[in-house]
Amino acid sequence: MIFNNLDVEAYDREYEDRELVRRVAAYAAPHRARLVIIALSVLLISGLSAGVPLLLAAGVGRFDTPGATFPAMLVAGVFVAWILIWLGNYLRRRLTTRAIGDMVLSLRRDSFSATMRHDLAFHDRYAAGRIVSRITSDTQDFGQSVALVAELIGQVIEVVILAVVLLRISPRLTLIVLVWGPVVIAAAAGFRILARYVTRQGARAQADVNAKILETVGGIAVAKNFRRESTVYDEFLDVNATAYAINVRRGFALATVFPALNLLMGFGTGSVVYFGALSTIDAGITVAAWFLFLQSLERFWFPLMNLSAFWSQVQVGFAAIERVFALIDHESSVVQTGSESVERINGDIRFESVRFGYGDGTQVLPEFSLHVKPGESVALVGHTGAGKSSIARLVARFYEFQGGEILIDGRDIRSLDLGAYRRRLGVVPQTPFLFSGSVADNIRYARRDASDAEIMALAQTVGDGEWLAALPEGLATDVGERGSSLSMGQRQLVALLRVLLQKPAIFVLDEATASIDPFTEAQIQEALLLILKDSTALVIAHRLSTVRAADRIVVLDGGRIIEEGDHMALMSAGGHYRELYDTYFRHQALDYRPKPKPEPVQEPA
C-alpha cells in the first residue's frame with residue numbers, strides 16, 4: 001500500500017537491461033584507454049589473488065618432509081604478490097573513479113540540457129523537485145552502481161582462474177562445487193525483479209521529499225504570512241515518513257540477498273567438506289592439495305557470491321539510469337517542422353483559425369484569428385480564462401497549438417529556427433523572475449556582452465535614473481534569491497530594462513497586477529513606452545495606463561474576440577469593454593471618485 005501511493009510521472013519508461021547497457025556503453029566509449037588499463041589491472045589483481053593460495057599450498061606441501069621449513073623465497077613471493085595487488089587496486093580505483101565521475105558529469109549535462117529543452121507544458125505538469133532528483137540523486141546512484149560493475153569484472157576473472165585451479169586439484173570435488181554454483185546464481189537472479197522494483201520506488205520516494213522541500217522553501221514567505229509553519233512541517237513529516245518506510249523496506253529487500261546466498265554456500269561448503277574427507281581417505285589426496293582446495297574454495301565462493309549479489313545491486317543502477325534516460329528521452333510537445341534562418345523580424349503576427357487547449361483537454365482558443373501589424377501594440381483584455389496568456393505563450397512558442405496557423409512575417413512559426421526566433425522576442429512574465437546576482441547582472445542577462453556603461457546609460461533613461469537612488473548600491477545591489485531584496489515595482493523595472501537592452505522585434509508582456517505606487521507606475525510606463533515604440537507588442541493589460549497606451553485594444557471572452565478598437569471608441573460602444581472598465585480599470589483613472597454612500601432613510605417617529 002505504501003509503494004502504491006507514490007506519484008509516477010507520465011513520461012516514466014521501463015527499459016530492457018540490454019538497452020540500458022547499450023546506452024551506458026555509449027557514455028563509457030570516450031574512456032576506452034582508461035577502461036583498457038582498468039581491465040589489465042583487474043586481470044593482474046585476479047591472477048595474483050588466485051595465485052596466493054597456490055604459493056601457500058606449495059609451502060604447506062613442504063611440511064610433508066620431516067624437518068622442512070617454510071622457504072623464505074615463498075614468503076617473499078606472497079609479500080610481493082600482496083604489494084602488487086595493493087598497487088593494482090590503487091590504480092584501478094583511481095582510474096575507475098575518474099571514468100565514473102566523467103560519465104556522471106556527461107549524464108547530468110545531458111539530463112539538464114533535456115530539461116532546458118522541454119517545453120513549458122512539461123514544467124507546468126511535473127514538479128521541479130522531482131526533476132532535480134533525477135539530475136542529482138539518480139545520476140549519483142548510477143555512478144555508485146557502475147563502481148560495483150568494475151568490481152564484478154574482477155570477480156568473473158577470479159572465478160574462472162579458481163575454477164581451473166580446483167579442477168586440477170580434484171575434478172570430483174570441483175564438480176560438487178560447480179553443481180551448487182547455478183543454484184546460487186539462480187537464487188540471486190530471483191532477487192533481480194524485486195531489487196529493481198524497490199529501488200525504483202525508493203527513487204520516487206526521494207523525489208517526493210525533494211519536491212516538498214523545494215516547494216516549501218520557495219513558498220516560505222506565504223507559509224509564514226498565514227502562520228502555517230506547523231502545517232507545512234507536518235506535511236513534510238508525512239512525506240519524509242513515507243520515504244523512510246519505503247527505503248527501510250528497500251534496505252530489507254536488498255539485505256536479504258547476502259544472507260540467503262551465504263546459507264546456500266554453507267550447504268555447498270558442507271557437502272564439499274564431507275565428500276572431500278571421504279576423498280582424502282579413499283583417494284589419498286595430500287594435505288597440501290586439501291589445504292589448497294579449501295583455500296581456493298573460500299576464494300571461489302566469495303566472488304561467486306558477489307557476482308550473484310551484485311546482479312541485484314546493479315538493479316539499483318539500472319533503476320536510477322532508466323529514470324535519467326526517461327527524462328532525456330521525453331519528447332517535447334513543441335515540434336518544429338523546419339529550421340529556417342531568422343535574420344530579421346518585422347513583427348507581423350497573424351493567427352489564422354488557431355485551435356489550442358492544454359493537456360487536460362480544456363479548449364482555450366477555438367478557431368482564433370488575429371492580425372497584428374508590424375510596430376503595432378495590441379492590448380489583450382478580458383476576464384480570467386479568456387485566453388489572454390495562452391495567446392502570448394503561443395507567440396513565444398512555449399506551447400504547441402492543435403490546429404490552424406501562426407504566421408510571423410508570413411512564415412509558419414513552426415518552420416523557424418526556434419532559438420534564433422526567440423532571440424528576437426522580449427517576454428516579461430506577470431511575476432518577473434530575477435536570478436541571484438546584482439541588478440546589473442540581471443539587466444545584462446539578455447546580452448552578456450553589454451558593458452557597465454551601456455547598462456548605466458539605459459537605466460538612466462527611465463525617470464532620469466531616480467529609481468537607482470532607492471537601491472543601496474545602485475546597479476551593484478544584490479537582488480537576493482528570485483529578487484527578494486527588491487520591491488515588485490523594482491523587479492518589474494529590472495525585467496523591462498532587460499528586454500529594452502535586448503531590443504526585441506516582438507514584445508510580449510503579461511503585465512503584473514501587483515499594487516505599486518504612482519511614482520513607480522510612471523517609471524514602469526516610461527520604460528514600456530520605450531519598448532513599444534520600436535516593437536510589435538502583445539500586452540496582457542491590467543492597468544489603465546497600459547491599455548490607453550496601446551494602438552488597439554482586443555477584448556476577449558471564451559477565447560474569441562468580441563470587441564476591438566481604441567479606448568474611446570470601445571467606451572462609446574458601451575459593450576463588454578465598458579463593463580471591464582467599470583470593474584477593473586475605473587478606479588485607476590485620475591478623475592475617479594467613489595460613489596457617495598446613500599444617506600440612511602430616517603423612519604418617521
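## Basis of the model

Residues are numbered from 1 along each chain as its sequence is written, and side-chain values use heavy atoms, with hydrogens and water left out. As the model is predicted, local features need pLDDT of at least 70 and side-chain atom pairs count only at pLDDT 80 or more, while totals for chains, interfaces and linings use all residues.

## The sheet

Four strands form an open antiparallel sheet in the order β2-β1-β4-β5. Helices (H or I, at least four residues) and strands (E, at least two) are DSSP runs, numbered from the N terminus; two strands pair if DSSP finds at least two bridges between them. The edge strands, each pairing on one side only, are β2 (363-372) and β5 (411-412). Helix α11 (residues 388-395) packs on the sheet and touches β1, β2 and β4 (403-408), where contact means heavy atoms within 4.5 Å. The direction of α11 makes about 115° with that of β1.

Strand β1 (residues 349-357) is joined to the antiparallel β2 by six bridges. Gly357 has Gln363 in β2 as its bridge partner.

## Ser353 in strand β1

Ser353 lies in strand β1. With a relative accessible area of 34%, Ser353 is partly exposed (buried means under 20%, exposed over 50%, and partly exposed in between, using a 1.4 Å probe and protein chains only). Not counting residues up to four places away in sequence, Ser353 touches Glu367, Phe368, Ser369, Gly403 and Gly404.

## A pair of helices

The axes of helix α1 (residues 17-28) and helix α3 (residues 72-117) come within 9 Å and cross at roughly 110°. Axes are lines fitted to C-alpha atoms, for helices over the stretch in contact, and angles run from 0 to 180 degrees between N-to-C directions. Therefore α1 and α3 are roughly perpendicular to each other, a term for angles of 65 to 115 degrees.

Val24, Tyr27 and Ala28 of α1 meet Met103, Ser106, Leu107 and Asp110 of α3 in this contact.

## Nonpolar cores

The largest nonpolar core has 46 residues. Such a core is a set of buried Ala, Val, Leu, Ile, Met, Phe, Trp, Tyr and Cys residues joined through side-chain atoms within 4.5 Å. Val439, Ile443, Trp467, Leu496 and Phe507 have the most contacts inside this core, and helix α15 (residues 488-502) gives the most to it, with eight residues. Another core, of 35 residues, lies apart from it and includes Val372, Ala396, Tyr399 and Leu538.

Methods:
Angles under 35 degrees count as roughly parallel, over 145 as roughly antiparallel, 65 to 115 as roughly perpendicular and the rest as oblique.
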